[in-house]
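Open the structure in your viewer and keep the selection tool ready.

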Amino acid sequence: MDSSTFILCVLLLVSFTLGLSRNTCPSIQYIAKGTIGMVDCHFKEGFHAVVWYNSADLATGKTIMQIIDGVKEGKGYDSGEYDICSNGSLIINNVTLGHEHNYTVVVLHSQNEDPILQQIKVVVTVMPSMPFPIVDQCGERKTICHTQLQHDSRLMCLVQNARPAVSLLWVDRTAGFDRNISFQTSVSENGSIFTTLATTLQPFPYSSVLSLLTCRAAAPPGLLLKQTTTILVESSNAKIVDLVPIVQHLERGSQLTLQCSKSNLSLVLWKKAAQNGSMFQIIAYAALLEEDVPVFYTEQYQLQKDGSLVLSEIEASQEGLYRCVFEYDGTGDAVLYQVVVFESLVTAVPVVQGCSEENYCILEEEIRGTLTCLLNGIRPKVLLEWKTFHDRDAPLISFANQRLDVTSNGDVYDITLTSTYYLKATNKDRITLECRISESHIRALQSATKFDIIFVNGMKDLFQLFH
């Protein structure tokens, strides 16, 4: 007995000590082609003889080998094709398709007892090309995958180049139970190995927006590493293009949390697009049906148990439109967010040209002139405007030829506002003005710089001219 056969026998004896019943042989046993296989039996220790036959009919079958009082003999043993463990199990040293047939084993515990006869059917297995059902839209992915289909599209699932043939079926997954759906199957044979194909006839049997379908295989033990492949199917017919976005303003580095719905969701699909909404890309999806939730999400994003999308520290690259399509109680719906990332204005404040950033500014200017305001390192893009600090002074000065220049500097912007001004008839020679961010809905961006202009060289002449 070589080392590999010895290890198999030791494993079998360990199984015996863990409580497997004695004097039993499973009636159907599966062994893999090209391996050292074991036809597994558990006989009481100290038996007198065990004899193996290559048929269920002892009248026509031939003896493979036998062990009598610990001595092994027989044609199969002499050729090296077979061996026997100390507990009577048959070892096939190199399993081929020719070993797939019925076997009979006879055991005598003593010369005075009646023999015990058992029959075993051995099925030789061949591992398929991929050790799990392959769904055409999923490729080689072993976890849940996603696709977008029309309502009249079909999904195909197959197990390729396996032995024996594997049975496949499609089901629609829901919370608590699975629902049968219509599908067609076919099995093809190529040199004693089989390919099974199952095709769905309707990818949306119970829903119009999202559907969770599972291709399930019924295969012998050990033939497949995974018995199911699950796919989240999104309807390309669903009318979700007219959503009004919910605007969310977030400071860079803060946590993003977007709720999909307050309902008890079963299926969730998150997509993201640039602010113009030109192309939505998948970032996360999940089936919230059970404790072990099958999920997928791209790097950085996470999904909570209620389907909410979480990003621990948002950056400018995560700004854009976020759309959640969801399913609950057989009803589909969607929600859309517009996420705007802004920079803190701790360091980004408007600066009036000619003024110092640290001190309150007083400019001496003519009654006609040009003012320039700069705002560097801001996000998102904003508008700047001039405004009198006191509303009563607004009629006294007018601005014209306003030019706003925006320069990109990485993922922030430098903004420059340049305007000409004209002081109207008045006897005031000093006005307080502001350069401020215009109409911002973001509280942190409601910033302004206040300064005074003292008008010289002509202010009194202007007043006397009009009076």
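Contact here means heavy atoms within 4.5 Å. This is a predicted model, where local features need pLDDT of at least 70, side-chain atom pairs count only at pLDDT 80 or more, and totals for chains, interfaces and linings use all residues. Residues are numbered from 1 along each chain as its sequence is written, and side-chain values use heavy atoms, with hydrogens and water left out.

Select S153. Leaving aside residues up to four places away in sequence, S153 touches L201 and P203. S153 sits in the loop between β11 (145-149) and β12 (156-162); strands are DSSP runs of E, at least two residues, numbered from the N terminus. Is S153 buried or exposed? S153 is buried, at 18% relative accessible area. Buried means under 20%, exposed over 50%, partly exposed in between (1.4 Å probe, protein chains only).

Now the rings. The structure has six aromatic pairs. Rings of Phe, Tyr and Trp (its six-membered ring) pair if their centres lie within 6.5 Å; planes under 30 degrees apart count as stacked, over 60 as edge-to-face, the rest as tilted.

Select W270 and Y337. Their ring centres are 6.4 Å apart and their planes at 25°, so the pair is stacked. W270 is in strand β21 (residues 267-273) and Y337 in strand β27 (residues 331-342), so the pair ties together parts 67 residues apart in sequence. Both are buried.

Next, F326 and Y328: also a stacked pair, 5.9 Å centre to centre, with 25° between the planes. F326 is buried at 6%; Y328 is partly exposed at 23%.

Then select W386, F399 and F451, which form one aromatic cluster.

Last, a charge over a ring: NZ of Lys or CZ of Arg within 6 Å of the ring centre and within 35 degrees of the ring normal. R323 has its charged end over the ring of F280, 4.2 Å from the centre. K450 lies over the face of F389, 4.3 Å from the ring centre.

Methods. Helix = DSSP H or I, 4+ residues; strand = E, 2+ residues; numbered from the N terminus.
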